[in-house]
Amino acid sequence: MTTKNVALLAGGFTGEYEVSINSARNIASTLPAEKYKIYTLLIKRDKWFYESENGSVDVDKNDFTITLNGEKIKFDFAFITIHGTPGEDGKLQGYFDMLRIPYNTCDATTSAITMNKAYTKTLVNGIHGLHTAHSMRLFEKDMHDVAIIAATLKFPLFIKPNNGGSSVGMSKVYNVAGLPDALKKAFHEDQQILVEEFIKGREFSIGIARLHGKITVLPATEIITSKDFFDYEAKYTSGVTEEITPADLTAEQNERIANIVTEVYSRLNCKGMVRIDFILLEGSNDFYFIEVNTTPGQSAASLIPQQVRAAGMDLGEFYSALIEGAI
């Protein structure tokens, strides 16, 4: 068996840098060493590099190689685990497309579109059984009249960056007085923001991936937090959130959810592994779409690894299937 050189890309340009590092560490520890030689490459705005035993080695961006001890290392595959830009918004995907290096995520177009929450909601609109919350998209360059927002949408409202992840810059407001600070917080993260009506119900997240040529839906996770909503602190602070995998859902609910997320995956032309977040409206079975994450977290405690284990699958084999399917 020929060992493949895999570039595991971590870091990025956002507040999710450390989350990405933890994801890469877990992936590297689970991929079978007899099949893959892993090189973790850190991506920063001013530098792409590999930390070797003899110090930092820069990545040659002309052909995406590194040189170690006089030997030029070429990569058979790029495993992108950068949350946010440039790994989740299509920038790295476009780069690898030009170099003809296969990678594990959706392509450049789908990555760019799904990073934009408003565009994604528009594209999935009309899928049978899927609902979306009423919302407004605001641009930083425009004037914002909080009275118009309050008259258009019903409180409580979620205010969040339109392009972003891990709930960074997100707020929940209950009246017009809370809007100015929430808008400022979201605009600090992005030039576009989404103001969305709150949907009360049970919150879930579900992974879906193409494995061995077949779309596979993983067991759903229910997210129960002691905080008012599932923000960055709730996601990454121990004891704040309970994550139940597999979620307590009926067979009928699981089948219906699987059909909806499969249609979302297909309509958006997703590839590899994605995670779809949704809410089941209180007192009903109505499925409300939140967002799709095309580079979901992969730390040992992250949702996708939980779901892979709940499905009775080996995590290393799961990642291997993503690599082999893309190659």
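Me: Where does Thr-294 lie?
Reply: Thr-294 lies in the loop between strand 18 (287-293) and helix 9 (303-310). Helices (H or I, at least four residues) and strands (E, at least two) are DSSP runs, numbered from the N terminus. This is a predicted model, where local features need pLDDT of at least 70, side-chain atom pairs count only at pLDDT 80 or more, and totals for chains, interfaces and linings use all residues. Residues are numbered from 1 along each chain as its sequence is written, and side-chain values use heavy atoms, leaving out hydrogens and water.

Me: Is Thr-294 buried or exposed?
Reply: Thr-294 is buried, at 3% relative accessible area. Buried means under 20%, exposed over 50%, partly exposed in between (1.4 Å probe, protein chains only).

Me: And which residues does Thr-294 touch?
Reply: Leaving aside residues up to four places away in sequence, Thr-294 touches Glu-88, Thr-105, Cys-106, Ser-111, Thr-114, Met-273 and Val-274. Contact means heavy atoms within 4.5 Å.

Me: New topic: in what order do the five strands of the open sheet come?
Reply: The order is 4-3-2-1-7, with mixed pairing. Two strands pair if DSSP finds at least two bridges between them.

Me: Which strands stand at the edges?
Reply: Strand 4 (55-58) and strand 7 (77-80); each has a single partner strand, so one side of each has no neighbour in the sheet.

Me: How do strand 3 and strand 4 pair?
Reply: Strand 3 (residues 48-52) and strand 4 are antiparallel, over four bridges. Tyr-50 stands opposite Val-57 in strand 4.

Me: What does helix 2 touch on the sheet?
Reply: Helix 2 (residues 91-99) packs on the sheet and touches strand 1 (4-11), strand 3 and strand 7.

Conventions: Axes fitted to C-alpha atoms, helices over the stretch in contact; angles between N-to-C directions.
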